[in-house]
Amino acid sequence: MAPAAAANPAAAALDEALAETTRRTGASIGAVYLLAPDEQVLCLETLCGAPVDFAAPWARVPMTAPAPVAEAVRDGHMVWVGSQQEMARSYPRTAMALPYPLSLAAAPITGNRSWGSLLLMWPPTRPARMSDRERGHIASHCRRLARLLDEAVESGRPLDGSAGPRAIPVEAGGRPASPVRAAADFAERLPGGSCALDLEGRITYVTSGGCELLGRDAAHLLGTLPWQSLPWLDDPTYEDRYRAAVISREPVSFTACRPPDRWLDFHLYPDSSGISVRIVPTGAQPPPSPAPPLSEHTATPARAGQLYQLMHLAAALTEVVGVQDVVDVIADQIMPAFGASGLVLSAEDAGRLRITGHRGYPAEVIERLDGLPLDTAFTPVGRTLATGIPSFFADPEEMRRIYPEAPQVSGKQAWAFLPLIISGRPVGCCVLTYDRPHTFSAEERSVMSSLAGLVGQALDRARLYDVKHHLAHGLQEALLPHTLPLVPGLDVAARYLPATRGMEIGGDFYDLIRLGGSAAAAVIGDVQGHNVAAAALMGQVRAGVHAHATLGTPPDIVLSATNRLLTDLDPGLFTSCLYAHLDFAQGRLCVASAGHPPPLLRRADGRTTPMAITPGPLLGIDPDAVYPVSDTPLTPGLTLAFYTDGLVETPGTDIDVSLARLADSLSRASGTDPDVVIDALLREVRPTRDRTDDIALMLLRIRGDA
């Protein structure tokens, strides 16, 4: 049992439930991810059937990441990946971290709240299709895990993934295999074999024949990793074969040369308890001339796991959008990969370094370091940027010899200063720090330096995106109403949600216009497109409607006049618009539509239906278009819902079905306060964070004193 589980009964119960789930589903590997307290990251809580270091590239998964475990939680349904080919097509970043043949399922764990995700992996021999019965079994196991997590909160010992991942055997309560047990397991798997490995890769049993072929006695081999105790196996290719056996649970083999010229075949036979390895001499001829031996100054080849992790981090950096995304990737994935405890990310701005993100530092330290000139001699940043060469300091004394003040300011014990340079131009500097002295190996320095180039490119792109993003949103906010007017007898609430793709700017708009003391007009529309041109045209349409409405013009004339304006401007974009005139004195609602969805009417008793209207054509097509007017009584307690198509249009779903679903949600919404109702409506109808279209929604409720 892991130490954290031994200290916390809730963790022990979760570990036991995961081990049972893994066994009962026939999976080779299982894992539970829990949402961090801020609900932005999924943290690996416990792992069954594989060592924890395997999970380093995916120990923390942002909720926005294109990964099965994150998608399962975001969308609230199970994700099934039947093959490695399907993984590469649907989740290329995950395929980089798991480049092995396998099947995978991720299912949400939901109890009193959304807890996280269950991840299960199977060997590729499993059928590519998952039956409904199997899905039901996995859902049942998720409910059990959710109950345990709910009970942990009630007992005052909640789990949130912050304690770091635990590794447990598939057999609940199992203990590390003894040499005798490992030898027995080995004998059962492969008679007359050579050695056995546990799932961590350590040698747990070796025969005398195996010792003879490997050239070492058992005392020097037991408990060690082969690529550490046998230098001639210290190659990422060989470690990768071991990882492939653990992940895929399928036999693998490779050939290696024991110096000077003894060629050996290694055959690996894995199962849930470990790996049996058969070693036999091979008849292969050695190469014409042996490779030169590694000198003391030659960098050790990077471990296979680190290579995959580097590819995974590189893929993550290619997908970041804004500067904060860059900071999050470094903090959530790069810092844990190198065991760092602190981060300072600076970007060049007018000859100075402005800190754009940090972790593990108090505010007063960041304030002291922010705004240093590019050529500063206070810290190694200036020299690092001037030379383009990373600087590494293993302890405070090494730093103090050149920069005497720097260690006292930061309070850290080791530093890696990585220059972010694009085409000879300094973009910024990434500083990774440690709370204890840390010796940077040649391998670690090489990987960090490679990542620095990727971070620099990502930061440069992200800064450019943020500038465009702020410009676009400034335009959007300037064109939409800052506040809606107070109209006696009318309660109002409105929301605008941008699309989550592109520039997150669109042409949806709404407005409420007060017309004297006894009338008002409500307007909602949607300009084609999600760009600056759409937002600019939206401002022109809103201004045109507002100008005609304030003259007391009937709804059909307002739309006709605005239509002529757009056809004269000829912007090349079409616009839908709905104009509603609320006459409180006469108790009538008159509506005209230019190709816009009808408003919903929720009566005082809760009955909700779309208003029967006859829409005219979109604005900007036909200058002589006619827009019929429809009317209905205004009664106390009536709620009007005006919306754009982004709220109801879903690919593959009939628009009438979506409208009926929206009407049902509005009818069931509790309370009469439009602000409460509108937020509940958006949560139910559009729960996902991903939106391909922007959304405008406005609710008007007629009070009795209208």
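**Notebook: burial and cores**

I looked up V277 and found it buried, with a relative accessible area of 4%. I note that this is a predicted model. V277 has its place in strand β12, which covers residues 274–281. I then checked V277 against C195, which lies 82 residues away along the chain. The C-alpha atoms of the two are separated by 5.4 Å.

Next entry, confidence. I read a mean pLDDT of 83 for the protein, with 89% of its residues at 70 or more. Over residues 284–302 I found the pLDDT below 50. That stretch has 13 contacts in the model beyond near neighbours in sequence.

Next entry, the cores. I found 61 residues in the largest nonpolar core. Y33, L42, W58, V61, L119, F266 and L268 have the most contacts inside it. Helix α11, residues 236–248, gives this core its largest share, six residues. Another core, of 53 residues, lies apart from it, and I listed L490, L512, F584 and L634 among its members. In soluble globular proteins, nonpolar side chains tend to be buried together.

I went back to Y33 and set aside its neighbours within four places in sequence. Its contacts include L42, W58, V61 and L119, which are also on the list of residues with the most contacts inside the largest core. W115, G116 and S117 are among the other contacts of Y33.

Last entry, T632. I placed T632 in strand β26, residues 629–633. T632 counts as buried because its relative accessibility is 15%, and the cut-off is under 20%. Leaving aside neighbours within four places in sequence, I found T632 in contact with G587, R588, L589, L601 and M611.

Methods. Residues numbered from 1 in each chain as written. Predicted model: local features only at pLDDT ≥ 70, side-chain atom pairs only at ≥ 80, totals over all residues. Heavy atoms only, no water. Helix = DSSP H or I, 4+ residues; strand = E, 2+ residues; numbered from the N terminus. Buried < 20%, exposed > 50% of the residue type's maximum accessible area, 1.4 Å probe, protein only. Contact = heavy atoms within 4.5 Å. Core = buried A, V, L, I, M, F, W, Y, C linked by side-chain atoms within 4.5 Å. pLDDT = per-residue confidence, 0-100.
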